[in-house]
Amino acid sequence: MAFFLETLLNGLMAGMLYSLVALGFVLIFKASGVFNFAQGAMVLFAALAMARFAEWIPQWTGIESRWLANTVAFVLAGAVMFVVAWLVERLVLRHLVNQEAATLLMATLGITYFMEGLGQTLFGSDIYKIDIGMPKEPIFAFESVFEGGILINQEDLIAAAIAAVLVAGLSVFFQKTATGRALRAVADDHQAAQSIGIPLNRIWVIVWCVAGVVALVAGMIWGSKLGVQFSLATVALRALPVIILGGLTSVPGAIIGGLIIGVGEKLSEVYLGPFVGGGIEIWFAYMLALVFLLFRPQGLFGEKIIDRV
Amino acid sequence: MFYRENGQFKTTYAADQQIFAIAQDRWAILALIAFAFIGVPMLADEYLFRAIFIPFLILALAAVGVNILVGYCGQISLGSGAFMAVGAYAAYNTFVRIEGMPLLLALLSGGFFATLVGIFFGIPSLRVKGLYLAVATLAAQFFCDWAFLRIGWFTHGNPSGSVSVSNLQVFGLPVESPLQKYLFCLALLVLFALLAKNLVRSAIGREWMAIRDMDVAAAVIGIRPMYAKLSAFAVSSFIIGVAGALWGFVHLGAWEPAAFSVDRSFQLLFMVIIGGLGSIMGSFFGAAFIVVLPIVLNQLLPALGSLVGVEISTAAISHTEFMVFGALIVWFLIVEPHGLAKLWSIGKQKLRLWPFPH
């Protein structure tokens with residue numbers, strides 16, 4: 001029982017991290033109808049920027065405090081992501097308005113290649129560390145309930161907390177600010193939003209920016225866990241089942257989908273994996289999402305797809 | 001002036017329905033095929049065959065398959081790499097396990113098993129559409145990656161899933177030298193392209209296009225969505241499977257599952273979209289573009305670097321290649337979202353009036 005709970009908790013933590021990446025997908029899809037494959041590359045790019053700035057800033061300015069250096073690096077990386085968002089809107093999206101979904105998907109794949117190349121040219125292609133001072137030692141919880149307690153990674157706990165804060169912040173931003181309202185209007189209906197004077201282009205920049213910041217946070221957490229390296233870009237592929245499970249257009253869907261996928265992956269790996277030779281995590285997530293899709297083709301929380309002839 | 005159908009009268013239905021209705025087209029294509037069979041072998045050297053022509057032919061075949069599914073039937077698939085892998089490994093198994101199995105039959109059996117897998121992974125398309133389907137087909141990709149790596153039976157117990165074949169023969173003729181491989185692939189490609197072209201012009205091809213354009217409307221006028229979608233999956237994955245078997249047997253000789261990774265799926269989708277959705281001709285353009293571009297970049301970038309006097313490291317070159325490749329793809333999509341095939345048909349339309357447009 002304790003072991004099961006431990007696996008479950010681990011799955012929830014991992015799921016939280018998937019949700020973070022998935023969130024970026026959903027934000028952009030809602031606002032611009034673009035299935036942004038570049039989200040993984042953005043995570044890599046942001047994490048690379050953050051890691052390198054944190055390394056360079058003490059050299060440039062002589063700042064000793066790690067906390068301060070990390071904060072400045074975070075802000076700088078955020079600025080870099082803003083520039084990326086602006087360039088993407090200016091150079092790519094603006095010219096591809098009203099194209100088919102497949103064409104837009106391919107365009108973001110092109111952006112993916114470009115950003116992977118650019119990121120590694122600018123920031124180098126070794127493995128870097130992001131050290132934001134997360135405690136590494138595991139803690140034991142519920143020692144009174146189970147013998148030996150449940151082992152929880154403190155790092156995961158903090159990551160989950162950061163993710164939760166980010167999601168809360170985003171929902172406040174979407175619900176309470178004028179920009180957030182404009183974003184929701186655009187997500188609902190492009191043409192209607194445009195007709196009441198919401199500038200679509202600026203909204204796209206903002207939403208790519210927000211997705212960039214989400215990517216930065218995701219990259220920071222993943223990077224401090226696993227190190228910043230090229231394989232971070234493949235995190236997008238892990239997050240895809242999450243969004244189709246939760247629904248492409250739903251923010252809560254991304255969170256809950258992430259949790260389901262995280263738990264499903266960990267449980268399947270532990271309980272099913274040994275029978276079939278292990279390593280089933282990655283396709284099991286997809287199969288799980290597929291089974292859900294067979295019953296709800298628009299995902300758990302996606303908008304119902306209505307066909308009109 | 002030269003490219004006109006003036007004076008070419010159609011007096012039979014057969015003449016009206018031929019693939020290349022204009023005589024000039026017909027002769028140009030025949031000349032091109034003749035050149036590919038006779039001229040290229042005389043002009044090209046071994047490097048060209050190995051690096052450009054053979055990969056181009058095989059990937060063009062795969063792109064034709066993908067185009068049937070994505071371009072004609074409108075079902076976006078990111079599982080093409082998996083179907084290639086199934087084709088390659090199924091062909092390998094029949095080739096190695098059955099004594100005296102002819103190469104051609106082994107390749108076709110690769111296509112057959114790819115068809116079965118394709119139909120299986122096509123079943124979600126009956127419920128799921130568009131981008132949801134694209135992600136769902138990734139399930140095929142990751143499942144196959146895993147299966148060929150972990151299940152020893154498929155790979156004859158070889159660890160890490162790497163297998164190799166040798167001693168290839170067709171009707172007693174060896175397929176060993178680059179020239180022989182080239183001719184073999186070319187013959188198969190011409191055959192399959194002709195079949196595919198005829199298929200998309202027939203009733204079933206029109207059903208696929210109706211489903212692509214609006215599946216509910218197609219169902220209303222009596223097209224069975226299940227039959228149309230699954231048949232598109234079947235035909236497409238058969239062709240992709242044969243291409244995968246060729247890629248393993250003829251191009252690589254020895255391969256492991258990584259040769260058919262998700263990157264291959266993306267690459268094939270790139271070919272189809274850059275070449276032109278819903279165009280057999282476009283598949284060839286797209287395949288040529290994607291095969292040749294990295295090679296050109298690889299040769300050009302160091303030359304450019306030395307021109308400016310900068311010594312570029314290999315890592316920097318590969319990164320720059322990524323950047324240029326990505327940027328070019330985005331640029332192409334912006335300039336011509338309908339692909340190179342669209343440019344081709346615009347060119348032909350212009351040529352019809354040239355040089356007297358009035």
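Visitor: Is A210(B) buried or exposed?
Guide: In this predicted model, A210(B) is found in helix α8 (residues 203-213) of chain B. The cut-off for burial is 20 or more other C-beta atoms within 10 Å. A210(B) has 20 such atoms within 10 Å, so the residue counts as buried.

Visitor: Which residues does A210(B) touch, not counting residues up to four places away in sequence?
Guide: The C-alpha atom of A210(B) is separated by 8.9 Å from that of Y72(B), a residue 138 places apart along the chain. With residues up to four places away in sequence left out, A210(B) touches A218(B) and I223(B).

Visitor: A245(B) is another alanine of chain B; how many C-beta neighbours does A245(B) have inside 10 Å?
Guide: A245(B) belongs to helix α10 (residues 225-252) of chain B. Burial requires 20 or more other C-beta atoms within 10 Å. A245(B) counts as buried because its C-beta neighbours inside 10 Å number 32.

Visitor: Which residues does A245(B) touch, not counting residues up to four places away in sequence?
Guide: A245(B) and G111(B) are 134 residues apart in sequence, yet their C-alpha atoms are 7.8 Å apart in space. Leaving out residues up to four places away in sequence, A245(B) touches G87(B), A88(B), A91(B), L107(B) and G110(B).

Visitor: What share of the contacts in chain B with a separation of 6 or more comes from residues 24 or more positions apart?
Guide: Chain B has 14 helices and 4 strands. Of its 358 residues, 45% count as buried. Among contacts in chain B with a separation of 6 or more, the share from residues 24 or more positions apart is 76%.

Visitor: In what order do the elements of chain A run?
Guide: The secondary structure of chain A comes to 11 helices and 2 strands. Read from the N terminus on, the order is α-α-α-α-β-β-α-α-α-α-α-α-α.

Visitor: What is the radius of gyration of chain A?
Guide: The C-alpha atoms of chain A fill a box of roughly 65 × 60 × 40 Å along the principal axes, and 50% of its 309 residues count as buried. For 309 residues the globule rule gives 19 Å; chain A is close to this, so it is as compact as a globular protein of that length, with a radius of gyration of 20 Å.

Visitor: Where does α2(A) bend?
Guide: Helix α2 (residues 39-61) of chain A has 23 residues, which at 1.5 Å a residue should span 33 Å; its end C-alpha atoms are 32 Å apart, which agrees. The helix is followed by G62(A), whose phi is positive, near 75°. A bend of about 25° has the proline P58(A) following within four residues, and the bend is at E55(A).

Visitor: How many of the 23 residues of α4(A) are buried?
Guide: α4(A) reaches 32 Å from its first C-alpha to its last, close to the expected 33 Å. Just after α4(A) comes G124(A), with a positive phi of about 90°. The helix is largely enclosed by the rest of the structure, because its buried residues number 19.

Visitor: Which element gives the largest share of the side of chain A that touches chain B?
Guide: In this interface, 39 residues of chain A are in contact with 39 residues of chain B. The elements of chain A that give two or more residues to this side are α4 (101-123), α9 (235-246) and α11 (281-295). The residues of this side divide into 26 nonpolar, 11 polar and 2 charged. The largest share, 16 residues, comes from α4(A).

Key. Residues are numbered from 1 along each chain as its sequence is written. Chains are lettered from A and ligands numbered from 1 in the order in which they are written. This is a predicted model: local features need pLDDT of at least 70, side-chain atom pairs count only at pLDDT 80 or more; totals for chains, interfaces and linings use all residues. Two residues are in contact if their C-beta atoms, placed from the backbone, lie within 7 Å. Ala, Val, Leu, Ile, Met, Phe, Trp, Tyr, Cys and Pro count as nonpolar, Asp, Glu, Lys and Arg as charged, and the others, Gly among them, as polar. A residue is buried if 20 or more other C-beta atoms lie within 10 Å of its own, exposed if 12 or fewer, and partly exposed in between; C-beta atoms are placed from the backbone. The expected span of a helix is 1.5 Å times one less than its number of residues. The bend at a residue is the angle between axes fitted to the seven residues ending there and the seven starting there. The radius of gyration is taken over C-alpha atoms; the globule rule is 2.2 Å times the number of residues to the power 0.38.
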